[in-house]
Every structure is written in C-alpha cells, then in structure tokens.
Amino acid sequence: MTSSTSTQMGLPAAVALYALARLGLVAVVTGVLVVAGVPFLLALLIGLVVALPLSMVLFRGLRGRLDSAIAAAGERRSAERAALRARLRGEDEPQA
C-alpha cells in the first residue's frame with residue numbers, strides 16, 4: 001500500500017461503515033417511533049423511508065469517502081486490466 005492510499009479508507013471498510021451508519025439511522029428513527037406508540041412494523045417502514053433523505057444530508061462525508069474509495073478501486077482495476085492485456089499481447093509495459 002502506498003502512502004497516498006494508506007490515508008484513504010479501503011472500499012470494504014467504506015461500504016461497511018456507510019451501511020452501518022444507514023442501518024443505525026433506521027434503528028434510531030424506528031426506536032423513536034416505537035417509543036412514541038407507533039406499531040413496530042409501521043415504525044420500521046416509516047424509518048426506512050425517512051432514513052433515505054436523512055442519510056443523504058447527515059452522512060455526506062461518509063458518502064464522499066465511499067465515492068472516493070469506489071473511484072480508487074476502479075482506477076486500480078483499470079490499471080491492472082491494462083497491465084494484463086499488455087502481458088497477453090507480449091508487451092513489457094501497457095500503452096497509454
């Protein structure tokens with residue numbers, strides 16, 4: 001791992017953190033509604049619907065990290081694919 005990627009979060013960690021944050025938000029909204037007297041299933045459905053727009057606002061930083069991790073993984077895969085194709089053609093280095 002290079003020094004530029006060591007400061008960035010890996011893709012699996014970024015996905016896990018964002019997913020856990022979204023699930024936590026659903027749990028909090030559902031819990032608040034259940035405490036307020038709403039039946040659990042209805043509270044869960046409302047929690048799922050309400051958590052989507054809230055997560056877009058509240059977890060903007062996490063989503064940015066996830067986007068950058070996805071972009072870095074895509075660039076890495078493209079470079080590996082180019083290197084593999086160059087080796088299959090018998091070249092030493094991939095062409096730009």
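The model is predicted, so local features need pLDDT of at least 70 and side-chain atom pairs count only at pLDDT 80 or more, while totals for chains, interfaces and linings use all residues. Residues are numbered from 1 along each chain as its sequence is written, and side-chain values use heavy atoms, with hydrogens and water left out.

- Leaving out residues up to four places away in sequence, Phe 59 touches Tyr 18, Ala 21, Arg 22, Leu 25 and Leu 54 (contact means heavy atoms within 4.5 Å).

**How helix 2 meets helix 3**

- These two helices pack at an angle of about 135 degrees, and their axes are 7 Å apart. Axes are lines fitted to C-alpha atoms over the stretch in contact, and angles run from 0 to 180 degrees between N-to-C directions.
- Helix 2 and helix 3 are therefore oblique to each other (under 35 degrees is roughly parallel, over 145 roughly antiparallel, 65 to 115 roughly perpendicular, and the rest oblique).
- Among the residues that meet here are Tyr 18, Arg 22 and Leu 25 from helix 2, and Leu 54, Ser 55 and Leu 58 from helix 3.

**Ser 55, a residue to look up**

- Ser 55 sits in helix 3. Why does Ser 55 count as buried? Because its relative accessibility is 0%, and buried means under 20% relative accessible area, with exposed over 50% and partly exposed in between (1.4 Å probe, protein chains only).
- Its side chain reaches the backbone oxygen of Leu 52 at 2.8 Å.
- Ser 55 also touches Tyr 18, Arg 22, Leu 25, Arg 60 and Arg 63, not counting residues up to four places away in sequence.

- Gly 64 is in helix 4 and, at 36% relative accessibility, counts as partly exposed.
- Gly 64 and Ala 14 are 50 residues apart in sequence and 9.7 Å apart in space, C-alpha to C-alpha.
- Asp 67, also in helix 4, counts as partly exposed at 47% relative accessibility.
- Asp 67 and Leu 11 are 56 residues apart in sequence, and their C-alpha atoms are 9.1 Å apart in space.

Conventions
Helix = DSSP H or I, 4+ residues; strand = E, 2+ residues; numbered from the N terminus. Polar contact = N/O pair within 3.5 Å; in protein donor to acceptor, adjacent residues only side chain to side chain.
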